[in-house]
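Here's a quick briefing to read with the model open in your viewer. Let's go from the overall layout down to individual side chains.

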Amino acid sequence: MNGVFNFQKRKTSNDGTFVEMQLVKPLWLYLTLLIIIIGGNLIIRPVGDIYLLIPRMFLGLTFLVLFFLFFGMLTIRISATELTWSFGYLHYPRWRQPLSDIVQVELTKVNWLYGWGIRFTSEGRLYNAQGFSAVRITKRDGTKFRLGSADPQRLATFLQAHIVKPSGQ
């Protein structure tokens, strides 16, 4: 069964565009725990203290909603000319990489110490929403970055089919 914690959307449209969307699972867990804690506080607290609790609850929920809007999901798209990836439902921040600047794509694993989110690592930046599988992308200038993926083999295969190979290879 595909529940809220297993949400992944993968598709290839008729125009050849690749799209993968992954939820940042720990955020959903934090939201669930916060709702339980707030509900418990409402039940346990005396009525007089509730006026002190409401502004704190409002502030906490506002912060969490904003965090979800900006970091709740990782979306990876590949069109005919570029690779784009973004976090959140607002798709901001967003990064773009022309496919013509990509020279190598390879499967890799993410060390569990790096966790999820946007990380600066010894192998370049890591953009990861869940799991420990990723695709390492090497750009023409030699810099590398990694994109976490629920289906890294599919992502790597799609990228390799769309990157422009220099003549003579």
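Predicted model: local features only at pLDDT ≥ 70, side-chain atom pairs only at ≥ 80, totals over all residues.

**Overall layout**

- The tally for the chain is three helices and ten strands.
- The chain has 169 residues, and 35% of them count as buried.
- Take the contacts between residues at least 6 apart in sequence: 51% of these join residues at least 24 apart.

**The largest nonpolar core**

- As a bit of background, nonpolar side chains in soluble globular proteins tend to be buried together.
- In this model the largest nonpolar core has 26 residues, and the ones that touch the most other members are Leu-83, Trp-85 and Leu-159.
- Beyond its neighbours within four places in sequence, Leu-159 is in contact with Ile-78, Leu-83, Leu-99, Ile-102, Val-105, Val-135 and Ile-137.

**Helix H3 from the inside**

- Pro-152, Leu-155, Ala-156, Phe-158 and Leu-159 are the buried residues of H3.
- Look down the axis of H3 and these buried residues fall within an arc of 165°, so they line one face of the helix.

- Thr-75 sits in strand E3, and its relative accessibility of 2% makes it count as buried.
- Setting aside residues within four places in sequence, Thr-75 has contacts with Val-19, Glu-20, Met-21, Thr-84, Trp-85, Ser-86 and His-91.
- Arg-77 also belongs to strand E3, which spans residues 73-78. Is Arg-77 buried or partly exposed? At 35% relative accessibility, Arg-77 counts as partly exposed.
- Not counting residues up to four places away in sequence, Arg-77 touches Phe-18, Val-19, Glu-82, Leu-83 and Thr-84.
- For Arg-77 and Val-19, the C-alpha atoms are 4.5 Å apart in space, although the two residues are 58 apart in sequence.

**Salt bridges**

- There are four salt bridges in total.
- One of them pairs the side chains of Arg-96 and Glu-82, at 2.9 Å from N to O.
- Glu-82 is partly exposed, at a relative accessible area of 24%.
- Arg-136 forms another salt bridge, this time with Glu-106, and their closest N and O atoms are 3.3 Å apart. Arg-136 is in strand E9 and Glu-106 in strand E6, so the pair ties together parts that are 30 residues apart in sequence.
- Within that pair, Arg-136 is buried with a relative accessible area of 14%, whereas Glu-106 counts as partly exposed at 25% relative accessibility.
- Glu-123 forms a salt bridge with Arg-146, with 3.9 Å between the closest N and O atoms. Glu-123 lies in the loop between strand E7 (117-121) and strand E8 (124-128), and Arg-146 in strand E10, so to speak of sequence, they are 23 residues apart.
- Arg-146 is buried, with a relative accessible area of 1%, while Glu-123 counts as partly exposed at 30% relative accessibility.
- Through salt bridges that share partners, Glu-106, Glu-123, Arg-136 and Arg-146 are joined into one network.

- Val-65, Leu-66, Leu-69, Tyr-89, Leu-90 and Tyr-92 make a nonpolar surface patch of about 570 Å².
- Where is Tyr-89, one of these patch residues? Tyr-89 is in the loop between strand E4 (82-87) and strand E5 (94-98).
- Tyr-89 is partly exposed, with a relative accessible area of 36%.

Conventions:
Residues numbered from 1 in each chain as written. Heavy atoms only, no water. Helix = DSSP H or I, 4+ residues; strand = E, 2+ residues; numbered from the N terminus. Buried < 20%, exposed > 50% of the residue type's maximum accessible area, 1.4 Å probe, protein only. Contact = heavy atoms within 4.5 Å. Patch = residues over 30% accessible without salt bridge, like charges linked within 9 Å, V, L, I, M, F, W, Y side chains within 5 Å. Areas by Shrake-Rupley, 256 points an atom, 1.4 Å probe, with all protein chains shown as cover. Core = buried A, V, L, I, M, F, W, Y, C linked by side-chain atoms within 4.5 Å. Arc of directions from axis to C-beta.
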